[in-house]
Amino acid sequence: MPKHKINPNKWIDLYSDYLYNYTISRVSDREIAQDLVQDTFFAGLKSMKNFKGEASERTWLISILKRKIIDHYRRINSNKGKAEVRITYNDDSESEGDWLEERVADPFDKTAEDSMQNEELGDAILHCLSKLPKKQADVFKMKTIEGFETEVICNELNITASNLWVIIHRARTAMAECLKENWF
């Protein structure tokens, strides 16, 4: 028997605004956010018997909502990278009844020209990086190319977060100007 009795009749009044605000900050779409909150309430109703009372109702509902948000992104990203195949009916009298399969170009299928452009872009980026002041180049590489977290960069370079954002802004602006001149 749960230590705490939950009351789903009060969930909408007590938690809907909080759950919606939490969700909208993660999915940036009002309808999807509303659907995810609604799905969270339904899932909570289905699994009420599993609520142990070790956390508050709100915390429990947030944990359900987090899983719903993750599932949402998995669902929308599961179709990315798949080649599209279209099948059309051939209405030609010679091959009546035949179906034709057309392969739509795969955006991830790289040609030699794409590879050459990527190599040229890489060379242009390296050239532009070499023109930046050392600290700007280091911050740009760590944040944009290597993907380090802000805290790691700040600790490594002994700078504040606000200083990092000023440096990265200046570096990106200089890189954009340099690439406009040297690559486009």
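In the predicted model, the side chains of Asp-71 and Arg-74 meet in a salt bridge, with a distance of 3.8 Å from N to O. Both residues belong to helix H3, which spans residues 57–77, and they lie 3 residues apart, about one turn of the helix. Asp-71 is partly exposed, its relative accessible area being 34%, whereas Arg-74 is exposed, with a relative accessible area of 58%. In general, side chains of opposite charge can pair when their charged atoms come close.

The count of salt bridges comes to 3, and another of them joins Lys-134 to Asp-138, where the closest N and O atoms are 2.9 Å apart. These two residues are 4 residues apart in helix H5, so that about one helical turn separates Lys-134 from Asp-138. Lys-134 is exposed, as its relative accessible area is 63%. A further salt bridge is formed by Lys-180 and Glu-177, with 3.8 Å between the closest N and O atoms. Because Lys-180 and Glu-177 are 3 residues apart in helix H7, they too are separated by about one helical turn. Lys-180 is exposed, with a relative accessible area of 52%, while Glu-177 counts as partly exposed at 41% relative accessibility.

After H6 comes Asn-158, a residue whose phi is positive, near 55°.

As for the protein as a whole, it has 7 helices and 2 strands, and from the N terminus on its elements run in the order α-α-α-β-β-α-α-α-α. Of the 184 residues in the protein, 28% are buried. The accessible surface comes to about 13700 Å², and carbon and sulfur atoms account for 50% of this surface. When contacts between residues at least 6 apart in sequence are considered, 55% of them join residues that are at least 24 apart.

Methods
Residues numbered from 1 in each chain as written. Predicted model: local features only at pLDDT ≥ 70, side-chain atom pairs only at ≥ 80, totals over all residues. Heavy atoms only, no water. Buried < 20%, exposed > 50% of the residue type's maximum accessible area, 1.4 Å probe, protein only. Contact = heavy atoms within 4.5 Å. Areas by Shrake-Rupley, 256 points an atom, 1.4 Å probe, with all protein chains shown as cover. Salt bridge = Lys/Arg side-chain N within 4 Å of Asp/Glu carboxyl O.
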